[in-house]
Every structure is written in structure tokens, then in C-alpha cells.
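Here are my notes for a first look at this model. Please read them beside the structure.

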Amino acid sequence: MTDPIFIERLPAAGDEWIDRDQRLCFSFEGRCHRAYAGDTVSSALWGNGVRLLGRSFKYHRPRGVYSMCGHDANVMLEDGETPNIRGDTTLVEDGMELTAVNTVGSLRHDLAGLNDRMSGFLPVGFYYKAFHTPSWMFPNWERMIRGIAGLGKVNPAAEWKPSPKGYDACDVLIVGGGPSGMAAALAAGRAGGRVVLVEDTRCLGGSLCYAGATAPESAATVNSMRDELEKLENVEVRLNTSVRGCYSENWLAFIGPGGLTKMRATAVVVATGAYEQPAVFRHNDLPGVMLGTAAQRLVHLYRVKPMQRALVLVGNDYGYGVALDLKAAGVEIAAVADFRETIGKGELVHDVKTAGIEILAGQGVYEARPAGGLVGIKGARVCPVNSAGTGLSTSATNVNCDGIVMATGWAPAGDLIGQAGGRLDYVPEAAQFRPGELPPGMFAAGRVNGVFGVDARLEDGEHAGGQAAAFAAGKEVPARRRPADEITAPSYPYPIIKHPKGKAFVDFDEDVQVKDIVNAVKEGYDSVELVKRYATVGMGPSQGKISNLNSSRVLATATGQAVGAVGYTTFRPFTRPTTIGELAGRRFHPDRRTPIHSRHQAAGAVFMHAGAWLRPEYYGPLVRHQAIVREVQAVRRRAGVIDVGTLGKIDVCGADAAEFLERMYTGRFSDLKLGKCRYALMCDESGVVADDGMSARLGDDRFYVTTTSSGSAAIVREMKRWAIIWGLEVTIIDHTGQFGALNLAGPESRRILGRLTDLDIGADSFEYLGFRQAVVAGVNCRLMRVGFVGELGYELHVPAQHAAVLWDAVVEAGQPEEIMPFGVEAQRLLRMEKGHQIIGQDTDALTTPLEAGLAWAVKMAKPFFIGQRSLKIIAPRPNVRSLAGFVMHDSTVMPAECHLVVDGDEICGRVTSIARSPTLGQVIGMAYMRPDQTIPGTVIDICVEGRLVQAEVVKLPFYDPSNERQKS
Amino acid sequence: MKIMTCPVNGPRPLQEFVYGGDLTEMPCPDQATDEQWAAYVFERDGAPGLHKEWWYHAPSGVWFIAERDTGTDEICRTYLYND
């Protein structure tokens, strides 16, 4: 391997972000580079003289450093595990092996670079126009486009990394740790209450960390404020933490070293600063052209000399400070080109003049002159400009330089304000947007607020911090006021120069040029939201942070409107690209377990998820099918026991309890005698089957009702609501989690139960559909004689803490009969043999009781029940479909649930339940079909993966039609 | 996440609440025509504006009415059904 590339940096400065004692090695595109700890990938590469850092998305043009603060969407890397690593903000780690994303071949010899020369044939909206016809070609186009689209490659084999998620709350949250944010934190912190300050870089200070000549003495200011903050115990500072979104009522999400935090703040101070905006001219995207703050970051934070000879293009006095910084770093300043005809009279301008730097007033850059292969520039053509963005090419003069540094204006980092429902207003005299009306509890300070001078930002921050603290404490909030500010117009209104040959980029993420926006307007996409979607401006990874303002400016000119009238696109979370992994957190799916769970585990149960519950599907160690057959046969021949503690269990009590059930359920309950229970079917207001269960009478004014396992929460809820609406004297008590329950079933079940209770359970004294309260195995128990699985059976309900004791006692007592626990699958099979429907499996969101064969449970003669009025409309009409049973004579091809019942071209219904019945020795099932097909003996066609198989309709139930067994 | 004020439990995060549909009074089943009944069961006004809605505070089992502007998602008032 060759020696690592390394070029020594500028002499050390006190506030640099690199640690010169720690040297790291990493590789980029197969070449080794040396870096200092604290370097980002981009700073290390740029420092080592690498100018080609990435390729653009569409035209694959060479790109380099642009913002150095997270908006360099064209410098994305991958390491084989993580795609789309941002070069400008990601720290170098020793041993990293990085390649650029979005290249065909290699970064240097990117075959897709041909797109750039073809760009004349790739106009705005090209994909929309070109690839939808002919329609039969679309699958091919789609495959091709999908191959081109997207950036880094996801490695599905990458190791899973946990990403913690946490919740927090504070009185005042301050977003941004620059001077205004720190001042706000100090003010809010001194007022008391819990204050949290989040800063997305590695240290406090914000723009003062790299301000250089634009804010001398700033290091001392930052240091003293940091010391003061440390003294305040109620202020927490979170570094390397970026806020990703602001949601309703100051609910903010941010991601930092500890993962995702969701913070509820009573008040928020947005001190997020401003995004410096580029100027637009031909070849303004090539490596060597960069923002003023990017050059300052390279110089002050990483001590990298950004170029040898620079043209500084400015639109405000700040840019003069940038020129001074570059000069101090040893960069030769070719000239300062100032868009303004009348240049400022400030100190920085004076210092530039004193330094003997040439100032070209009223001039802009007409074009950058590319160096070989577009990987860099060798000069600029500078020309006089007018405010309409017309450059006079005839009078353009050459300036030799290898870098163009742009300091022409700002856009507020107002994402969070917009997301929270606040507004940004365009202020023409400052040529930029500023926060207008803010939502309650949100305050803005510093550059996002349009305040640029350091002293003014400190004052603004202190004021906003005080406002936020007052709001959080419920005190009167002082009125908003704007500090006096020396830099009144830091943005040049129209830093855009058209070029007949194009390649003047507004958006770098998506390679959108000035002419694309103009053409979009010509085609009728003349609003800011339409242009965004049609020209894809602002739709790339940096979400328009350095393109939206210029896009609005171009659009305003093209449509003859003011920028303020054009406005800006809607701010939506996330403010920074956020991975799904960061949002996912750890897997957290709480399971509900019944009180008998440990017994199932001990018995070798294989569990399944049933809604929120974990239930035994079957009991091992046999394989699934054999285990289910064994359990079914035990219930049919001897005895079995199943945990049914997941059923909804509700006490309905009060003087109107019977009347209430009459209205809630389709059946009759006022005549239900003490000691009896009855099937209870519930419809919704449209007459569709909603739930079912059993209802037992405990007393004159008291019933015990069960619901399906999945329906319990919703049924309790609906019962409570109807009780309020009807004004009935009834109380609904949800015992679902408080009671355990089991079902003892099989011909030997009476004998087994008899060993555990003194209750007279003789066939005549505890009859089918009887209900008793008695002591079983020493536990107070509610007993229902029910027959869901079609055998003699008892449902035993006990307080949850005694359920396992009862289970043990039943299993123990059943030893002579070889009682067997059975799971959900055996129960499903047993009940189907008996022709019993499961609500939600054999019914759907449109099934009426009339279709499902449940008309017998509906008492239409009652004065009222939920769904009755709708059923009165439905009942006279013929059914569209009916549920019926079928058997398969040839069971080599097995249909599955939801396979369709068809008749020629007609879809008649679907299979709802199907299984191989060990009891009957054949495949049985239930299906919806046309009512005329339900006549026993009819042969129906079921479509199984394109093949038709035949089934014969039979009368339900399949098993024990005379009910002798369950009533025995 | 929004905060909603339960008339019994005070302000709580929206996560704790279950939406129960628009508040629509049932017409008299015996007097309503089929069309009127179908309108009651199926037709709801979805136009943005002030709606009266059923909401349920799940941890405590409290049903109440919320007056909510579905255009601005502002919860203007919450109260118990009988208030």
C-alpha cells in the first residue's frame, strides 16, 4: 500500500476543532489519507488537496465542499454498511474505508458523467414526459429508472444496531447553541425551571466558532457564556444533537448520541441561525466554488487553506470579513466582487481597502471557468450586473483564481417555526424572510430572527429566553422587540445571473438549473409548491436549505411577482435526513399473558400472537399437525382443557341492566332466568355482526357477559358510551384482566369436575346453558355449561390470582382420564366440526347475521336493539351471500382461507375456515357462497392459485347434528 | 403530540385517547324513513370546520365530547355528554 496522503495544515489556532496529537488513517476511493482527530471526511480530503469529493445526482457533475455544515448533499459516502454518510459533517474514524455513492465505475471515471453532456436532452419534467408511453414499456422504464434513482446502497446484511428512544420534558427548550441560544439559555436558566439546550455540532458557540474577522473577540464571549452555563444546575446542554421535527404543542423530536428523544417543552426558543445562500451563475457548482461560511469553517475549525487564489463574491459587508479571513490564512485575494453598486462604509470594507484588495463594485460572476474535466476551476468571468439578474457578458473580464467564495445572503433556518404552524414574512428591505407570527410558547432569537450583529444577537437571545421562561412559568410574557442591528440588509435581493449556455444551478441536490424553473413556469407550474414537485427543486437530501430562496426569487421574476407573494414551500419534518433505524428504537411489543401462562410453558406449549395476547397454539413436543390431532381426539374421546382467559369478561349491573343488554345485544335477556346463560350476539348500527359471547344472569340487576378475545376493549368502550347516551342506570365493570378462565370439555369432563366441587353437577341439575357460582378446587368460581367445541363442557371463571391453581387442580383431577391441555388450533378445528362461527374469521366488516346463519340469535320482535332498524331494511331483500359448510372429496389440493368460491366468471364468496378433520377423516370448511348454492349436495368451484377444485356443500354442523353430546 | 383536556382527568397526551366518531343524535328508529336512517348510519359531514366528536380517555374509561376544528386541529372545548 502507498503512503497515506497528507498535507500539513495552517498553524495551530486556539479554537480549532482538530486534535493535532491524534493522527488517523482512512481510505477514500481506494486511496489512503491521513487526518487529524476531529476532522470531518470533507475537511480531511480537502485539506489533502482532493477536490473531487462526489458526483451530483442527475448529471454526475464533479462536486466538492459547498457548505461544510450538513447541506453538501453531493458529498455522500458509504462504507459497505451505512449508506449516504455525509462527508461535510461526519467525523473521520481510524480505518474507515469510504467510497462515493452514485457513481458508475469510480468517482473519477464515472461513466454516468455522460449525462452532463446529454443535459440538453434531459429537460425539466423529462421523466414525467418520456417514460409513460407506450404503456407496455413501462415495466422496463421502471426497472431502468429504479436503477438510476436513489443514492447509496442499502446492505441488507448489515449488522443491526440498537437505537434507543427516550421521552423527556422541560420548561424551556432552546434549539441552537450559538450566541443567541446561549444567551437565551442563561436568561431562562436564571429564571429557574428546567432548561435544555440542544446544539447539533460538537460545541457551543455556533457561528462564533468560525467568525474570524467578522466577529473579533468572539472566542472570549463564547467561553465566558459557556462557563456561566455550566454553573447553572438547572440547565442541561446536549451537544451533537439535532432537532428533527417540531410537532403539536411544542413536542419536539431530536436525535443525539443517546438516540431519539421526544421532548415536551412548555416553551421553545428557536435559535437555529441562518443558512448562507449561494449565488447562481454558470458552473457555480464546481469544486472550488463555495459559501463564505464554508471557507471560514475550513480555515478556522479545521485549519485548511481552502484555495490558493480566491475571488470573493459578496452582497453584504459580511463577505468582506470572509475576504480578510482568507487573506489571513494565506490565500491570495484576486478581488472582491460586490453585487452592490454602492458598497458599504463599515469597518470590514475599510479593512479590505486598507489591505489593498481590489473591490469590483456593482459586479457579479458571469461564469466560472472550469479546469480540466470540470474538477475545479481556473478562473471567473466578472461582469457588471443589474438587479434583474442580467449580466453583461460583452464587458466581462477574466479573473484568474482556483476558488470563488460567495457571501451574498442568508435564509433563516425557520424549519421548526414553519412546522409548528408559524409564519415567515418576506422583509424587502432585508431581502429575506423573517419570523412573523409565532405559535404560542415559541420564541425566536438571533439570525433566524433576522438579527445579525453579535451584540444584537446576545440581546435578542436574552430577551427571548426571558419571554420563554415567563411563558413556562405562566407569567405575563414581555412584548417582542427587535434589537438595534448594525447589518441591516445582509442579503442581496437577486444574486442570480442568467447564462445562455445554462449550467447555472439553483439546486445542487437535484441539479435544477435556472432555466428549469423558468421552463416549469412556462408549462404552467407557476406556484412555489408546483415548481418544487415538477422541477424537483428542494426535494433532495438537503431539502432546499440552500436552494429554496433562490428558487422563489427565480419564480418571482418569471411570474412578475414579489418574492413575498411567491412565498416558500411548506416546512415538514424532518429537518435533517433521518434513518428509519433512528426512529425505530428498540423493538418493544408488550404481550399480554394470561395468569396460566407459566403452566403452558411447562407443558411445552408453542405460543402464537392473538391480538395483544400470547396463547398456546398447540402443545409439543409433537409436530404441529400431529399435536393438533392428538388434542382434538382427547377432547372428542376423553377430556381436554383450554385457557380461555383472553375472553372479554364484563359485569353489567344496575336497575336497568336487563334493559341495557336488550338494547346492546340482538337476543332477549329480560326473560333470562337466574342460573342460566345464553348466547349473546351484537351488531353495529348498520346491522353488521360486531361481536358475540355468553351472557349469564347473576341476579335481578346483574349480568356477567363475555366477549371475543379481540373485541373486549372495544365492546367495553361501546357499552359505556351507549349507557351514557341512553341515560340508563347501569354500571359496566371490565373484569377482562382480573379474571382467568378455562374451558373443561369432553365426555369425561363431568366426572373430572365432580372430583373438585361439592356442587351438584348431575346432567339434570346443572343442565346445558346453566350458570352456577360455586367453590371449585377451593376457589370461588363462576361456572357456565357451554358447548363451543361441541362436547359436554364447562367454562370456569375465577379471579386471576387463582386461575393457575384451578388449572393445576383440573389437570391433576383429570389424570385418570388422561386429560390433555389443548390449544387455539385444536379449538378452532373442534368448533368448526360443530359448525360454530368465529366472529371476525367467519364474518367480515359487511356480514349480517342473516348471511352468517345467525338469524336464530336475532329477536326482531324486540322494541329496539343496536342494528335492528338497519336489519329491518336489509331483511326483506334476498341475501347476496350465505355461509355454508362444505367437504372436499379430493383433498390432494387444499384450499386456504380466503380462496374464492367462483362460478364461471362470477365471484360468489370465499372460504372462511378450512381444516383436515381428524374426527370426520376428511377436509371440511365453511365458505360464503350464493344462497342458491347452499343447498346440500351442490358442487362449488374454489379457485386455488389459478386452479379450480370442487367441493360439495353439506349441511352444518358436520359433527353431532342432534346436539346430543354437548347437551349430554 | 397534541394534548387534550379530559373533563375528568385534565390535560393528557393524545396517545391516551380514543376517537369515537362524530356526535350524531340517533333519529327515532320507528319514525325515521329508510333514507333518514341510512343517512344517520352512514353519512357524516367531513368538511373542515367545527365538529362535535366523541372521545374516550382509555386509562380511566371516561367518554366525553370534544368540539374540534378539523380545519386547524384546534380542540376548542371538552365536556361530558350530559353537561
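1. Start with the largest nonpolar core, which has 94 residues. A nonpolar core is a set of buried Ala, Val, Leu, Ile, Met, Phe, Trp, Tyr and Cys residues joined through side-chain atoms within 4.5 Å. Buried means under 20% relative accessible area, with a 1.4 Å probe and protein chains only. A:Phe26, A:Leu311, A:Leu326 and A:Ile404 touch the most other members. Helix H8 of chain A gives the largest share, six residues. A second, separate core of 46 residues includes A:Leu173, A:Ile417, A:Ile517 and A:Val554. In soluble globular proteins, nonpolar side chains tend to be buried together.

2. A word on the basis. This is a predicted model, where local features need pLDDT of at least 70, side-chain atom pairs count only at pLDDT 80 or more, and totals for chains, interfaces and linings use all residues. Residues are numbered from 1 along each chain as its sequence is written, chains are lettered from A and ligands numbered from 1 in the order in which they are written, and side-chain values use heavy atoms, leaving out hydrogens and water.

3. What does A:Ile404 touch, leaving aside its neighbours within four places in sequence? Its contacts (heavy atoms within 4.5 Å) include A:Phe281, A:Met290, A:Leu311, A:Val365 and A:Ile377.

4. Now strand E16 (residues 309-314) of chain A. Strands (E, at least two residues) and helices (H or I, at least four) are DSSP runs, numbered from the N terminus. Five of the six residues of E16(A) are buried. E16(A) pairs in the parallel sense with strand E17 (residues 332-338) over six bridges. E16(A) also pairs in the parallel sense with strand E22 (residues 403-407), over five bridges. Pairing needs at least two DSSP bridges between the strands. A:Leu313 has a bridge partner in each: A:Ala337 in E17(A) and A:Met406 in E22(A).

5. E16(A), helix H8 (residues 318-328) and E17(A) make a right-handed β-α-β unit. Right-handed means that, with the strands pointing away from the viewer, the path from the first strand over the helix to the second runs clockwise.

6. There is also an open sheet of five strands, in the order E2-E1-E7-E5-E6 (chain A), with mixed pairing. E2 (31-37) and E6 (85-86) are its edge strands, each pairing on one side only. Within it, E5 (residues 76-78) and E7 (residues 97-100) are antiparallel, over two bridges. A:Leu77 has A:Ala100 as its bridge partner in E7(A).

7. Look at helix H14 (residues 548-559) of chain A. Its 12 residues should span 16 Å at 1.5 Å a residue, and its end C-alpha atoms are 16 Å apart, which agrees. The expected span is 1.5 Å times one less than the number of residues. Among its buried residues are A:Leu549, A:Val554 and A:Leu555. The buried residues pack against several elements, including strand E23 (410-412), helix H12 (514-522) and helix H13 (528-535) of chain A. Just after H14(A), A:Gly560 takes a positive phi of about 70 degrees.

8. Is A:His60 buried or exposed? A:His60 is buried, with a relative accessible area of 6%. A:His60 is found in the loop between strand E3 (54-55) and strand E4 (62-63) of chain A. A polar atom of its side chain lies 3.3 Å from the backbone oxygen of A:Asn102.

9. Last, A:Met784, in strand E39 (residues 779-785) of chain A. A:Met784 is buried at 1% relative accessible area.

Key: Buried means under 20% relative accessible area, exposed over 50%, partly exposed in between (1.4 Å probe, protein chains only). A polar contact is a pair of N or O atoms within 3.5 Å; within protein, one must be able to donate a hydrogen and the other to accept it, and residues adjacent in sequence count only if both atoms are side-chain atoms.
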